[in-house]
Amino acid sequence: MRAARLIKMVLLLQSRPAMTAAELARELEVSERTVTRDAQALSEAGVPVYAERGRAGGYRLIGGYRTRLTGLARGEAEALFLSGVPGALREMGLEDAASAARLKVSAALLPSLRDASRTAAQRFHLDAPSWFREPETPELLPAVADVVWDDRRVAARYRRGEEEVVRELEPYGLVLKAGVWYLCARAARAAGGGSFRVYRIDRFTAVEAGGERFERDGDFDLPAFWAERAEEFARSILRAEVVVRLSADGVRRLPHVVDAPAAREALEAAGAPDAEGWVTVTLPVESEEVAHEQLRGLGPEVEVLAPAALRGRFARDAGRLAGLYGG
């Protein structure tokens, strides 16, 4: 356990100019006192870890020290080759660079581990697009990927509804969600913006890289930003509410037919079951039409109480089913 932690500490210091004890403690999930002891142990083992005191102090490696990859275990080597998404790299125009990187890593590994790329590929495969959908690579994706890598401002023309708008953007990161590519970008300050937004790549009609690079916000965290925006989007489309009664089986199946977080919140806020064991919940939904399509999947395990128009839809459905099966 400690040996793995020491190796991780060396790799962290190797990847950054310097790190404070607090930063190392957070990354290694230990106390600052443990960081101090580990740094001393590395120094005694011949690893040139140097500690600087003061407000701007921290730990650093001196003398251009670099470790090698020969310490990788088989599981670590195989996990390394799982870190990329081949289809996504190909769509961004990075397949050749990724292939060259894999070859260099393979060459640095011990001979007994050089089959790691093959064994990993034969055991795990990521197919990002959803079912029943033919993935399409946006024509401008490679150009957008280039400016993302290069931290270069871009003038982009974007379809918004029936109109096209022009935006000067600072492109921060790309996200592939269910086969659809998105750009997380900030409106350039020169345009009076500054807020981060999300754009679908397939709605760009033109992308022109500028000659000016922008300085990235060091506090921007792409995974955290995306998770927050995805949750906001999921909640924003739930603009209506329906009141339903659910059997015990309906309660169990509800998260599988409607938005799962909304279903869980509605069930947590529900009261006790009635005398028949049914539970009444108020459920956020996208619209009456969408609720009708979703809740039909519960069949007789749900009764719609409100709104009246939706209850009427289910009543008509029940009448048609009775006509088909009642004889």
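This is a predicted model: local features need pLDDT of at least 70, side-chain atom pairs count only at pLDDT 80 or more; totals for chains, interfaces and linings use all residues.

Trainee: How many bridges join β8 to β10, and in which direction do the two strands run?

Mentor: β8 and β10 are joined by four bridges and run antiparallel. Within the sheet, three strands follow the order β9-β8-β10, and the sheet is open with antiparallel pairing. β9 and β10 are the edge strands, each having a single partner, so one side of each has no neighbour in the sheet. On average, neighbouring strands are turned by 35 degrees against each other, direction ignored.

Trainee: Which strands does α12 touch where it packs on the sheet?

Mentor: α12 touches β8, β9 and β10, and its direction makes about 25 degrees with that of β8. α13 also packs on the sheet. It touches β8 and β10, with a direction about 145 degrees from that of β10.

Trainee: How should I approach a nonpolar core?

Mentor: The general idea is that nonpolar side chains tend to be buried together in soluble globular proteins. In this model, the largest nonpolar core comprises 19 residues. Those with the most contacts inside it are Val-242, Val-244, Leu-246, Leu-254, Val-281, Leu-283 and Leu-295. At least two core residues come from each of β8 (240-246), α11 (260-269), β9 (279-285), α12 (288-295), β10 (302-306) and α13 (308-325). The largest contribution is that of β9, with four residues.

Trainee: Which residues does Val-242 touch, leaving aside those up to four places away in sequence?

Mentor: With that exclusion, the residues touched by Val-242 are Val-281, Thr-282, Leu-283, Val-285, Ala-291, Leu-295, Ala-306, Pro-307 and Leu-310. Two of these, Ala-306 and Pro-307, are joined by a cis peptide bond, with omega about 0 degrees. Pro-307 sits in the loop between β10 and α13.

Trainee: Where does phi take a positive value in a residue other than glycine?

Mentor: One case is Glu-29, whose phi is near 60 degrees. Glu-29 lies in the loop between α2 (21-28) and α3 (32-44). A second case is Asp-151, with a positive phi of about 50 degrees. Asp-151 is found in the loop between α8 (141-150) and β3 (152-160).

Trainee: Why does Glu-29 count as exposed, and why does Asp-151 count as partly exposed?

Mentor: The classes rest on relative accessible area: exposed means over 50%, buried means under 20%, and partly exposed lies in between. Glu-29 has 73% relative accessibility and therefore counts as exposed. Asp-151 has 22% and therefore counts as partly exposed.

Trainee: What is the geometry of the aromatic pair formed by Tyr-172 and Phe-220?

Mentor: By the ring-pairing rule there are ten aromatic pairs. The pair of Tyr-172 and Phe-220 is edge-to-face, at 4.8 Å centre to centre with 65 degrees between the planes. It links distant parts of the chain, 48 residues apart: Tyr-172 belongs to strand β4 (residues 163-177), and Phe-220 to the loop between β7 (204-213) and α9 (222-236). Both Tyr-172 and Phe-220 are buried. One aromatic cluster is formed by Tyr-172, Phe-196, Phe-214, Phe-220 and Phe-225.

Trainee: What share of the residues of the protein chain counts as buried?

Mentor: Of its 327 residues, 31% count as buried. The protein chain has 13 helices and ten strands.

Terms used: Residues are numbered from 1 along each chain as its sequence is written. Side-chain values use heavy atoms; hydrogens and water are left out. A nonpolar core is a set of buried Ala, Val, Leu, Ile, Met, Phe, Trp, Tyr and Cys residues joined through side-chain atoms within 4.5 Å. Buried means under 20% relative accessible area, exposed over 50%, partly exposed in between (1.4 Å probe, protein chains only). Contact means heavy atoms within 4.5 Å. Two strands pair if DSSP finds at least two bridges between them. Axes are lines fitted to C-alpha atoms, for helices over the stretch in contact, and angles run from 0 to 180 degrees between N-to-C directions. Rings of Phe, Tyr and Trp (its six-membered ring) pair if their centres lie within 6.5 Å; planes under 30 degrees apart count as stacked, over 60 as edge-to-face and the rest as tilted.
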